[in-house]
Amino acid sequence: MATYKLQINGRSYEADVEADTPLLWVLRDNLGLVGTKYGCGIAQCGACTVHVNGDAVRSCVYPVSAVGTSKVTTIEGLSENGDHPVQLAWNEVDVAQCGYCQAGQIMAATALLNKNPNPTQEEIDNTMNGNICRCGTYHRIREAVALAANKSK
Amino acid sequence: MSSLSKPSRRNFMKLAATASGGLFLGFSWTSSVASALEVVSDTAIAAGEIEFNSFLALSPDGIVTIFSPNPELGQNIKTSFPMIVAEELDADWTKVKVVQAPLDTNKFERQVTGGSGAVPHSWDRLRTAGATARHMLMEAAAKRWKVSASTLTTDNGMVVHQATGRKLSYGDLATEASKVPVPKDVKLKDPKNFKLIGTAVRNVDNHEMITGKPLYGMDVYKEGMLFAMIQRPKAFGMKLKSVDAAAAKAMPGIVDVVTFKSNVAVVGKSTWQVNKARKALKLEYEEDAPLESSTDHDRIFKELLDSPDATVHRKDGDVAAAFQKAAKVIKSEYQCPFLPHSPMEPMNFFAHVRLDGVELAGPTQTPERARSEVAKLLNIAPEKVTVELTRLGGGFGRRLSADYVVEAAELSSIIKAPVKVIWTREDDMTGGTYRPAVRYRFEAALDAKGNMIGYKLRGVGMSSGNPTREDNFPSGSVDNLLIDSVEHKSPITTGPWRAPITNFLAFAEQSFLDEVAQAAGKDPVQFRLELLAKAKKAPVGEIKYDIDRMKGVIDLAVEKSGWGRKKGVAQGFSVYFSHRSYVAQVGEVAVKNNVPVVTKVYAACDCGMVVNLSGAYQQVKGGIVDGLGHAMYSNLTFKNGAPDQKNFNNYRLIRLKEVPEVDVYFVNNGINPTGLGEPALPPTGGAVANAIYKATGKRLRNQPFIEQAELKTV
């Protein structure tokens, strides 16, 4: 066990965990940030997507010891009121069915738009293809990413 | 997590305190008659003197609170139910608050998510509740203004006196309305005047979902709670022989390792610690049933298809004679694999077994079953068990079983502590209660004119029960018909999977009918319409589907898809009746780089009146994506009793790029809602496979399509 100082959503946190503990479980079990979800544990489904220094990463395979001084953003850090353009788009398009994968979808979309504010349909598809939605909300995910890009302009 | 851990009584008390003097309506879930409605005071609620089955509460600040009893797993019931109440109440939708009710069999009935039945079941009850409250508010306003209630109208949370232009808000009237005698036989709205029902209303949990608030069973974290994972036998047919837990117990954060039945539970202080320690268990297993492989199943299927011992489900006319005199006989077999449900949120449940009672919390489609099975296990009265309902991260039928709830309760009773049992994805995929593997043999006899004079279907399956729907179309349209089945009892466990049985049967049947139409030299749609016309004119035996509704969706799909009129596009047709609704689909396929690509699916649906247009589109599009994805890609195979696929690295679910364009249309026939959670899924496989046949000449009879030789040689 070791103490890790983490910068998450603009705040400082400390967690006393083993070095190989995935960031996902530190967020959920130790820090009470449960918006980031467990889906597969092997970086296949994207439900656990968070940002580390602006890059979308799979927190289920990202050991806490690798975070260092990097800045972590989770769904809770996107905006407190749900007024980030991607969150607004997700609400407007009414994307979610069960909703469990949507935090990961939103974080994947946000990372894309931060780097590429005007993605083509193909770029949107390439990014969002990494996240599984078992309810099949893919049509609306596509629509919401495009809408969010418009809102950010 | 306090919002997820309040027992019902406290919720009601809180409501009573904040809405002092408001209008509380208990409305009976078991009856739609107004006489079951009563107004109660907040003190009565606080004192627990409540005899009603559910609540609609209107507070003086105008907030309408509606308790939603059914588990929400993405079917959008938590939004649709209150919409129905709010419509008849003429409430201001922005002031409607929806609260998920816990399991309470005294107040609610049918707290189940399954069978696409919630809205059909509760439609009249919810409308009556809203209409009754509205009537009482109008009476209260009439009294205050000293006018006749018949001169008043309501609009968006206000009672309006048209003659003078006066208005009063529902909140202003709540206290007075609570003193109005409860009316009997209130008049419901003419659906033509619906303002909310039939519109697109956003999910009431959107804000919580997009900001990452705790909603799901996985998000339950309670005071003093321990974490556990359970190592179950790695193969169906195995049982536990010996346990060496010394190494696991010595690992950091591990509190205990306990064994019950063939389960070894690792209990600790965090999810990751128990996950790691579990890998240090040294376990030995022994065989207690045959360890089956998929190759065994293929052999067993062939044996059962020729078995003399089938159970007959429907027999019309003389099949043997029909086939003897047939000008042409068509015979085909169709097969599907086992499938896990793969909800994105794996199984999990919180349990705290105490001396004075049991607290359960988590995702379940059937809280009552969870409660009764836990009560039975612990040999206590069901009343001692509370079940708090979280939002479900998908269900697809998996959470109709209570195995994962009972297991959590058993573990808690052994360790005498509150515990959340978490399944990994691997546990979820290898843990059973799958959609059963099934094989069908269809036979059709045609006369010289291409009329289907005989039809035979035999379904054989692995712990599948009866894998046929013997009274579905084309039954009733064929003079000589025989439908039977044979079951193999497998140690591999099976259970309902979204659109049970029909999720594959519809594909097989609609593909086979395409083959028969082809053999008869008829257009596939025309062929089906002729059969329906025959069923209408001269029905054979009992008909348990609505011929006109089925024809209605066929006509709409033909119109919208340009069936038979579109040049240069390969289209496939399918239509299916499941649960209470009808859906016809047309699939379009293009061949790109020698690979057939599904480019479009048209869906024409008759689910009666649509409640929430946004949710309805979601159910249809999601059902089509679900039906296409599993038909095309998903496969669970077995070797020596163990699944070969354990996670999403080699078990394939459909992804965004593989989704075709989908156009959805609803038949507007004004009948009451008949449910939409499942009916859009069954027709998809057939519409797509029939289009692939059109485009390539290759007939796909087995799923998943992607693994079939026919598709690889296009």
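How many residues of chain A are in contact with chain B, and how many of chain B with chain A? The legends below, all for a predicted model, begin with that contact.

**Figure 1. The contact between chain A and chain B.** In this view, 46 residues of chain A meet 44 residues of chain B. On the chain A side, the elements that give two or more residues are α1 (23–30), α2 (75–78), α3 (85–93), α4 (102–115), α5 (121–128) and α6 (138–152). The largest share comes from α6(A), with 4 residues. By class, this side of chain A has 22 nonpolar, 16 polar and 8 charged residues.

**Figure 2. The two domains of chain A.** Chain A is divided into domain 1 (2–78) and domain 2 (85–152). Their centres, taken over C-alpha atoms, are 21 Å apart. Domain 1 of chain A brings 16 residues to the contact, and domain 2 of chain A brings 15 residues. On the domain 1 side, β3 (49–52), β4 (55–58) and α2 of chain A each supply at least two residues. Of the elements on that side, β3(A) gives the most, with 3 residues. The domain 1 side divides into 7 nonpolar, 7 polar and 2 charged residues.

Figure 3. B:A499 sits in the loop between β22 and α14 of chain B. Is B:A499 buried or exposed? B:A499 is buried, because 28 other C-beta atoms lie within 10 Å, and 20 or more are enough for that class. Leaving aside neighbours within four places in sequence, B:A499 is in contact with B:S578, B:E678, B:L681 and B:P682. Take B:L681: 182 residues separate B:A499 from B:L681 along the chain, yet their C-alpha atoms are 7.2 Å apart.

**Figure 4. B:P500 in the loop between β22 and α14 of chain B.** B:P500 counts as buried, because 24 C-beta neighbours lie inside 10 Å. B:V159 is 341 residues from B:P500 along the chain, and 47 Å separate the C-alpha atoms of the two.

**Figure 5. The packing of α15(B) with α16(B).** Helix α15 (residues 524–537) of chain B and helix α16 (residues 547–561) of chain B pack at an angle of about 160°. Their axes are 10 Å apart. Why is α15(B) roughly antiparallel to α16(B)? The pair is roughly antiparallel because angles over 145 degrees fall in that class. The crossing of α15(B) and α16(B) is left-handed. From α15(B), the contact uses B:V525, B:R528, B:L529, B:L532, B:A535 and B:K536. From α16(B), B:I547, B:M550, B:K551, B:I554 and B:V558 take part. By class, the contact has 8 nonpolar, no polar and 3 charged residues.

**Figure 6. The packing of α17(B) with α18(B).** Helix α17 (residues 613–632) of chain B packs with helix α18 (residues 682–696) of chain B at an angle of about 55°. Their axes are 8 Å apart. That angle makes α17(B) oblique to α18(B). The crossing is right-handed. α17(B) contributes B:I624, B:G627, B:L628 and B:A631 to the contact. α18(B) contributes B:P682, B:T684, B:G685 and B:V688. The contact residues divide into 5 nonpolar, 3 polar and no charged.

Methods:
Residues are numbered from 1 along each chain as its sequence is written. Chains are lettered from A and ligands numbered from 1 in the order in which they are written. This is a predicted model: local features need pLDDT of at least 70, side-chain atom pairs count only at pLDDT 80 or more; totals for chains, interfaces and linings use all residues. Two residues are in contact if their C-beta atoms, placed from the backbone, lie within 7 Å. Ala, Val, Leu, Ile, Met, Phe, Trp, Tyr, Cys and Pro count as nonpolar, Asp, Glu, Lys and Arg as charged, and the others, Gly among them, as polar. Domain bounds come from an automatic or database domain assignment. A residue is buried if 20 or more other C-beta atoms lie within 10 Å of its own, exposed if 12 or fewer, and partly exposed in between; C-beta atoms are placed from the backbone. Axes are lines fitted to C-alpha atoms, for helices over the stretch in contact, and angles run from 0 to 180 degrees between N-to-C directions. Angles under 35 degrees count as roughly parallel, over 145 as roughly antiparallel, 65 to 115 as roughly perpendicular and the rest as oblique. A crossing is left-handed if the near helix is turned anticlockwise from the far one by less than a right angle, and right-handed if clockwise.
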